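Here is a walk through a structure for someone meeting it for the first time. Have the 3D view open as you read.

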Amino acid sequence: MSREQWVPEGTDQETPNVARVYDCYLGGSHNFAVDRDLARKAVELWPDLPLIMRANRAFLRRSVQYLAGDGITRFLDLGSGIPTFGPVHEMARLIQPTARVVYVDIDPVAVQHSLLLVADDPLCAVVQADLRDTETLLKQPAVAELLEPGERVAVLLLAVLHFVTDEEDPARIVRVLREAMPPGSALALSHGTLGGRPELARQHQELYAQASAPLTMRSRDRIVALFEGFELIDPGVVYLPQWRPQHPESVGPHPELVTGLAGVGIRP
Amino acid sequence: MSGPPAGRVDPAAVRFRDSWSRLLRDGHGTVVSPAILGPLVYRTAELLARAHGEDPFDASLAEQAGALLVDAQFTDPVVLARAVALLQQWPPADDRGPALTGAFAAGWSAALRDRTLREQEATRLAVDLARRGAERALYASEARFRAMFERAAVGIGFADLEGNVLTVNSALQEMFGATVEELRHLNIATMVHPQDAPRIWEMYRDLIGGKREQFQCDKPYYRQDGEVIWTHLTVSLIRDEDGTPRYQVAMLEDITDQHRLQERLRYQATHDPLTGLWNRTAFFERLEALFADPEPEARFGLCSVDLDGFKNINDSLGHATGDQLLSSVADRLHSSLAPLGHMVARLGGDEFIVLLENCRGQQEGIAAAQTVLAALAPPFLIDGQQLAVRASVGVVEQPLSATTPGAAMRSADLTLYRAKSEGRGRWTLFDSRRNAVAVSQYAMSMRIPMALDRGEFFLEYQPLCTLDDGAMVAVEALVRWRHPELGVLGPEEFIATAEDSGLIIPLGRWVLGKACHQAARWSARFGAAAPRMNVNLAVRQARNAELIADIDRILQESALEPGKLQLEITESAMLGPRDPALQALRELVGMGVSLTVDDFGTGWSNLAYLRTLPVAGLKIAGAFVSDLHSAGEDPLGWRIIGGMVSLAHQLGLTVTAEGVETAADADRLRSMGCDCAQGWHYGRPARPGDITRRIVEAAGGTRRGPDGAGRDT
């Protein structure tokens, strides 16, 4: 399946780029007009979107800090996108000052962006790779080194697997990653779901069909199934705000409106 | 100084701090780590409090608070609106309110503008870097392709779908001995060669029509200098992103050397090394192929060509000359017949054959035969000698559906044989009726071994009597074949074919054995009164190395006294003085067997040789005697016979006349001094019993007594 990638794709500014659209939602300016157009349309259709993106970003923060607090110092951020406000290494280092992070993204612009950000950081690395070609991804020197046996690693798959279609088999990707993770390692995963707002999710999916990567929302069962081979830590797979909130009141009355499920599992 | 005194808690200030904290912890604040958010809330609230109360009013404190919010990515305008509203709800003691709010908004905006510009710049830089990386990768990719293209050992060329050559690599230029420019003026569709595989252009049309993605074949091309190169060609279609055919790419591997080797091997396998003509294998392949899938009305022709008397040339002038002659003959045949589209092959020795495919009729076959004869008519100059060569040609011209390759070849051979026997240097056309006779003779000779096994042959004996007193001194053994289908056949009906096929050897041995045993029985019974046994000896028998041993064995087995056996050899068997068979004949004479010359006068004999031959007599051919009485009185004829008798007597030979049918013939021959006679007048060929009775009658019972009379042995 591995095919030499002669020419990187995704350097054009005419196609909306999911990483840059995400940045829009989070109030960043790392984006172009096409990205903002898409974000604006998506928000008109679904005004809660910035909220959802923030919830995802908040889950990132909470899960990274939870795992750092649990003693993990190595992080593999798959689908890291543009290192917008609060990147993983900054979050983790609030607790583990020597945390090492490898950022991986398929988008060459996001990769360049990340490189600009961590250029002087010896504990960070940025890799351009296609998550779907998992075996090749794992052979990248920075990734292989991070996953060397002995130390636990936190693998982050946040808001990325819904850009992988059923044919591309996300369960297989997770399985191959799990095989490569040292025992005690953790998987933090968040994924768009049809559960909360099915009618919106469908339209949203159609809107994203024109972007660099189309969306595939999945049911709760299928998302739970992705954790096969992992022991889910409390509270299991839940809506984004429900995962170990800072304060009970911050969950809000209707967490299902967030339409994103999240969970953290440990490889035994 | 204005504002609340130190140590006192201003309730409005407390309300502001609470509201401020809620504002920042909400929305974007959920993303921010508490470890960062807490100090941010405290610090900004503190800055605003100082701007609110300190004297003199310091606008930069409020600006700084706004900037800190943007630094923590509180970039949502809603945050600014709510912050301004909160500040309005907490009026300062003096009139600095609008200035404070304005400074805060200005600080926030300025920081946001800086941040936006910074992020946009970073984003553009990232895009730029990514694009440059992509371009480098593209360049590297192109460079790799270019290197592969340029340095490939195989020739590669691109063309559009109209067949216009767009670019070629150096290997292809070398193959064609042409420059890129020269090749770019070419169109694929014009690069036709007569030896192109039949389907190649159909495959090509399918390819450029998008009906096939690729094809492979071996194809010859003309180089720029006109030489031909053979290539193994692979042509592939290149489609664009939409799947529309755009270009074609051809890869050519130079296989000229392999091809030449193959051609050479193929040539060697199918050509005669001496003459360069097609060989036997190639001829039969072509003939079989012709018959394999014929058109319903298709005809073919065969000219079977044989040089007359080639053996003599070979024997007298040597094989080297013979080979040169064959080579020259082949050249003439090839140059006169190949242009007509006929295949000329050498089957072996001096046998050639011409195959006419798609023959239009007998006339064309005859014309080919005439061409052969005309081509060979002028003398050949070999080693400074002029050699005249004639040939015989058998022509077969038939519909393919009427025969088979094997039958056609037999027909051609038999027709050639007829051409030879009818006088050489001519062509003969196949005649199915005469061919049938020839075929039946052939079939007959093939049956001889079986007939011997089955006892289908038997002997009759014809008396030879003295002209003086009519006493039977000898009998001639004559072979008969009781053929199961054809009835009883005389020797004239099968001996010639038996001689041709070599079957005369076993048949002759059988006749000798049978005759000797019969003669021995008569000798045992009648002693000196028993007749001598005359047996014909064919030329081939005379030359057979086994002859002496055979006769010795037969004489032993039958216990026949050698003097009671006489062998008759035909005039044509008269051998030259150095013929090795002469020694065999001398040995026979040494054994006591006598020899006589049969059919004397019918062939050409060197009478002088008679002196050197160990013969005891000669038999004048029956034709002389029968000619005499058909023509009435023929003084010349009788004088010839008289001359022969006188000559024979001078050589000490006895003379026997054959074909003596009347008493008048007998009288005349007797008067001329002829010794013996054979013919109907003296007795027809008869079964042994009849001969036995005749011996008994001649003896008058005086020697053996009546008890032996009439006993058939």
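What follows is a tour of a few parts of this predicted model.

## Chain B at a glance

Chain B has 713 residues, and 31% of them are buried. Its secondary structure comes to 25 helices and 21 strands. If you take the contacts in chain B between residues at least 6 apart in sequence, 62% of them join residues at least 24 apart.

## Where the two chains meet

Chain B puts 27 residues into its contact with chain A, and chain A puts in 25. On the chain B side, the elements that give two or more residues are helix H2 (34-53) and helix H5 (97-151). H5(B) gives the most, with 17 residues. Sorted by class, the chain B side has 13 nonpolar, 10 polar and 4 charged residues.

| Helix pair | Axes come within | Crossing angle |
|---|---|---|
| H2(B) and H3(B) | 8 Å | roughly 160° |
| H11(B) and H12(B) | 6 Å | roughly 140° |

H2(B) passes H3(B) in a left-handed crossing. On the H2(B) side, the residues in contact include B:Leu40, B:Leu47 and B:Leu48, while those on the H3(B) side include B:Leu61, B:Ala65 and B:Leu68. Counted by class, this contact has 9 nonpolar, 2 polar and 2 charged residues.

Now for H11 (residues 310-317) and H12 (residues 319-337) of chain B. Their axes cross at roughly 140°, and H11(B) and H12(B) are therefore oblique to each other. H11(B) brings B:Phe310, B:Ile313, B:Asn314 and B:Leu317 to the contact, and H12(B) answers with B:His319, B:Thr321, B:Gly322 and B:Leu325. That contact has 4 nonpolar residues, 4 polar ones and no charged ones.

## A mixed sheet and its enclosed strand

H12(B) also lies across strands E6, E7 and E8 of chain B, running at about 155° to E7(B). These strands belong to an open sheet of 5 strands, in the order E7-E8-E6-E11-E12, with mixed pairing. Which strands stand at the edges? They are E7 and strand E12 (427-429) of chain B; each has a single partner strand, so one side of each is left without a neighbour in the sheet. From one strand to the next, the twist averages 20°. Another helix, H10 (residues 280-292) of chain B, packs on the sheet and touches E6, E7 and E8; its direction makes about 125° with that of E7(B).

Look at strand E8 (residues 351-356) of chain B. Why is it largely enclosed by the rest of the structure? Because 5 of the 6 residues of E8(B) are buried. Strand E6 (residues 299-307) of chain B pairs with E8(B) in the antiparallel sense over 6 bridges. Along that pairing, B:Asp306 stands opposite B:Glu351, and B:Ser304 has B:Ile353 as its bridge partner. Strand E7 (residues 343-348) of chain B also runs antiparallel to E8(B), joined by 5 bridges. There, B:Arg346 stands opposite B:Phe352. E7(B) and E8(B) form a hairpin with 2 residues between the strands, where B:Gly349 takes a positive phi near 50°.

## An antiparallel sheet

Chain B has another open sheet of 5 strands, ordered E2-E1-E5-E4-E3, with antiparallel pairing. Its edge strands are E2 (165-168) and E3 (214-222), each pairing on one side only. Neighbouring strands here are turned by 25° against each other on average, direction ignored. Strand E1 (residues 155-160) and strand E5 (residues 245-254) of chain B run antiparallel and are joined by 6 bridges. In that pairing, B:Phe158 has B:Val249 as its bridge partner.

## One residue in chain A

To finish, find A:Ala159, in the loop between strand E4 (153-158) and helix H8 (170-180) of chain A. Is A:Ala159 buried or exposed? A:Ala159 counts as buried, because it has 24 C-beta neighbours inside 10 Å, and 20 or more is the cut-off. Leaving aside neighbours within four places in sequence, A:Ala159 is in contact with A:Asn56 and A:Ser190. A:Gly79 is 80 residues from A:Ala159 in sequence, yet their C-alpha atoms are 8.0 Å apart in space.

Methods
Residues are numbered from 1 along each chain as its sequence is written. Chains are lettered from A and ligands numbered from 1 in the order in which they are written. This is a predicted model: local features need pLDDT of at least 70, side-chain atom pairs count only at pLDDT 80 or more; totals for chains, interfaces and linings use all residues. Two strands pair if DSSP finds at least two bridges between them. Helices (H or I, at least four residues) and strands (E, at least two) are DSSP runs, numbered from the N terminus. Axes are lines fitted to C-alpha atoms, for helices over the stretch in contact, and angles run from 0 to 180 degrees between N-to-C directions. A residue is buried if 20 or more other C-beta atoms lie within 10 Å of its own, exposed if 12 or fewer, and partly exposed in between; C-beta atoms are placed from the backbone. Two residues are in contact if their C-beta atoms, placed from the backbone, lie within 7 Å. Ala, Val, Leu, Ile, Met, Phe, Trp, Tyr, Cys and Pro count as nonpolar, Asp, Glu, Lys and Arg as charged, and the others, Gly among them, as polar. Angles under 35 degrees count as roughly parallel, over 145 as roughly antiparallel, 65 to 115 as roughly perpendicular and the rest as oblique. A crossing is left-handed if the near helix is turned anticlockwise from the far one by less than a right angle, and right-handed if clockwise.
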